[in-house]
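Subject: A structure for you, with notes

Hi there,

Here is the structure I promised to hand over.

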Amino acid sequence: MNNNTEIYLKRALQLAAKGRGLVSPNPLVGAVLVKNNRIIGEGYHQYFGGDHAEIDALKNSTESPEGSTLYVNLEPCSHFGKTPPCTKALIKNRIKKVVAAMADPNPSVSGKGFEEMRKAGIEVETGLLEQESREINRAYLTRLKKDRPFIALKIAQTLDGKIASYTGQSKWITGEKARAFGRRLRFEYDVILVGINTILSDNPSLNYPRTGIPQTLLSRKRYLKVILDSEARLPLPAKIWEEASRIVVAVAKKAPAGRLRCLEKKGAQIIVAGNQKIDLEKLLDFLYRQEIGSVLVEGGAATNGSFIDAGLVDLVYLFQAPLIIGGEKAKTSVAGKGFATPESALHLKLKSTRRFNADHLSIYINEENL
């Protein structure tokens, strides 16, 4: 590999990141075409169902791509999905060489793309920046491995782990900058999920900011609001109804039929996922079959605890404010059954940190789920 290989692959990763929140459950992919040591075309997978990065790069090429090298962060596909195979387009355009950061573990691809290109005379190199490529597609890889959406928890708490005071007051624990960042995070996920207690106590809209996002992209965004509401108590005047979006209410069989009819008339989709309480596995199976790639859980404590108890946490955004509220009756950020010993607890690895004035964000990953 020449000295510029890493530069071009890093550029491919930068392009891939532009598809965040829009391509799921497909992977984030960027592509760079290079000929005579010049970039002649760039592209990325822009939205679910749209052109793949390789095709986008070919369409954007400023000259004939024949004899060029393609740099891409994931193995080109060789099968018909929502779009034709990328390998056939690369072969047709007489690409000389493909440098891919990693193989695609999707069984429909998984080495087949490399094999087809090699048989057609295209030189293939792989392996450089593989870890970075795995990182950017953590949600995609988890979905393939676990047969469920990628799940992240977003928690905002005080230094002593409280999300509200003993009087139930929670506005505001973190400052405006941290809260604004948290709202922007929603765009990167397909589903925003909360428990009914969060709706009843905080009445959130669960919307993401539209400012700065082109309307063409907003129209492509797949976005569900999911409420865990075993007894169908979701109020009809709640803020989550104010903006057009798909709302899914997960209920138990015990939910009153009259309430279910009211919610359906309002526009909600009802999913019966359990007898007395919500069966998360059943709900996630439904979301998986709906081609959902990622879920952002915004609590509260009982909901956070249920996902942790079930071993269904892949990443945690932990916002901490320099406050101590105290109080035995003040809510902590995680309820549920919990773990018997520190050894058996959920162990996470610190991925990165960030500050928002006095507030601190730590992002943790669950390596066991990779």
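First, a definition: buried means under 20% relative accessible area, exposed over 50%, and partly exposed in between, with a 1.4 Å probe and protein chains only. Please keep in mind that this is a predicted model, in which local features need pLDDT of at least 70 and side-chain atom pairs count only at pLDDT 80 or more, while totals for chains, interfaces and linings use all residues. Residues are numbered from 1 along each chain as its sequence is written, and side-chain values use heavy atoms, with hydrogens and water left out.

Let me start with some buried residues. Ser133 counts as buried because its relative accessibility is 0%. Ser133 sits in helix H5 (helices are DSSP runs of H or I with at least four residues, strands are runs of E with at least two, and both are numbered from the N terminus). The side chain of Ser133 reaches the backbone oxygen of Leu129 at 3.0 Å. That is a polar contact, meaning a pair of N or O atoms within 3.5 Å; within protein, one must be able to donate a hydrogen and the other to accept it, and residues adjacent in sequence count only if both atoms are side-chain atoms.

Thr142 belongs to helix H6, residues 138-146, and counts as buried because its relative accessibility is 2%. From there, the Thr142 side chain reaches the backbone oxygen of Arg138 at 2.8 Å. Ala57, in helix H2 (residues 53-59), is buried at 0% relative accessibility. Between the C-alpha atoms of Ala57 and Pro107, 50 residues apart along the chain, the separation is 25 Å.

Now the sheets, where two strands pair if DSSP finds at least two bridges between them. In strand S14 you will find Ile363, which is buried at 12% relative accessibility.

S1 (residues 30-35) and S3 (residues 69-72) run antiparallel, joined by 4 bridges, and Leu33 has Leu70 in S3 as its bridge partner.

Finally, a pocket for you to look at. On a 1 Å grid over the protein atoms alone, a pocket is an open set of points where a 1.4 Å probe fits, with protein on both sides within 12 Å along at least five of seven lines; lining residues have an atom within 4 Å of a point. Of the 35 residues lining the second largest pocket, Arg20, Leu28, Ile136, Glu188 and Tyr317 are the closest to its centre. Elements that give two or more residues to this lining include H1 (5-17), H5 (130-136), H6 and S14 (359-365).

Best wishes
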